[in-house]
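Dear colleague,

Please find below the structure that I am handing over to you.

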Amino acid sequence: MTEKNINFPIPNPINDHICDLVLSTNFPWYFVPDATTLQHGGNGAFAHVLVNNYEPVSPFYDAFSSVLAIISNHAGYDRHQVYRARLGLLYPSTQIHNKWHTDYDAPHTTCLWYINGGDGNTMFKDHSIAPTKNGLLVFDGQELHASSPPTTGVRVVLNVNLMNS
């Protein structure tokens, strides 16, 4: 699958609303000791899981349901094929990038929705993609990739993993 960086897949007022929501003091973020593996030894980050194993698990799911439908549609899936949707918030770090990984062993498609205008590229073995506010990156989730911490501010991304159920 070829990566696609689609600018403005989400209407700007919705993107702005979601950005304000996740960066507000009312939105619950949970510390993870490693942004990639959720175990100790890496670059700490904050996460919020919206969907896990095809089921909504967050009280904030409804605020994201239309976004998940739009992202799924752009990737050629139905919204009910969202296996996991996880928000990630990264702060600046001295690490060049986080650990190389695939999100799952099973075939899946990964979609990264760059919610805010923070920097911090998504790295692939032979190239990298710079995030753009409200940009969507779609790629084969079994391709090795890594996130990069921003140089300033925060990087807020919604990682959506789509699988045939």
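Two remarks on the source are needed. This is a predicted model, in which local features need pLDDT of at least 70 and side-chain atom pairs count only at pLDDT 80 or more, while totals for chains, interfaces and linings use all residues. Residues are numbered from 1 along each chain as its sequence is written, and side-chain values use heavy atoms, with hydrogens and water left out.

Overall description

In total the protein has two helices and eleven strands; these are DSSP runs numbered from the N terminus, with helices being H or I of at least four residues and strands being E of at least two. Its C-alpha atoms fill a box of roughly 40 × 35 × 30 Å along the principal axes. Of the 165 residues, 50% count as buried, where buried means under 20% relative accessible area, exposed over 50%, and partly exposed in between (1.4 Å probe, protein chains only). Among contacts (heavy atoms within 4.5 Å) between residues at least 6 apart in sequence, 75% join residues at least 24 apart.

Strand 11 (residues 155-162) has eight of its eight residues buried. On one side these are Arg155, Val157, Asn159 and Asn161, and on the other Val156, Leu158, Val160 and Leu162. Strand 11 runs antiparallel to strand 5 (residues 82-90), to which eight bridges join it; two strands pair if DSSP finds at least two bridges between them. Within this pairing, Ala85 has Val160 as its bridge partner. Strand 6 is also joined to strand 11 in the antiparallel sense, by six bridges, and there Leu112 is partnered with Asn159.

Strand 6 (residues 109-114) pairs with strand 9 as well, again antiparallel and over six bridges. Thr110 stands opposite Phe139 of strand 9. Strand 9 (residues 135-140) is mostly covered, with five of its six residues buried.

The sheet of strands 8, 7 and 10

Three strands form an open, antiparallel sheet in the order 8-7-10. Strand 8 (128-129) and strand 10 (145-147) stand at the edges with a single partner strand each, so one side of each is left without a neighbour in the sheet. Strand 7 (residues 122-124) is joined to strand 10 by three bridges, and Thr122 has Ser147 as its bridge partner there.

Val22 in helix 1

Which residues does Val22 touch, not counting those up to four places away in sequence? They are Phe27, Trp29, Phe64, Leu87, Ile115 and Val156. Val22 lies in helix 1 (residues 12-22) and counts as buried at 1% relative accessibility.

Yours sincerely
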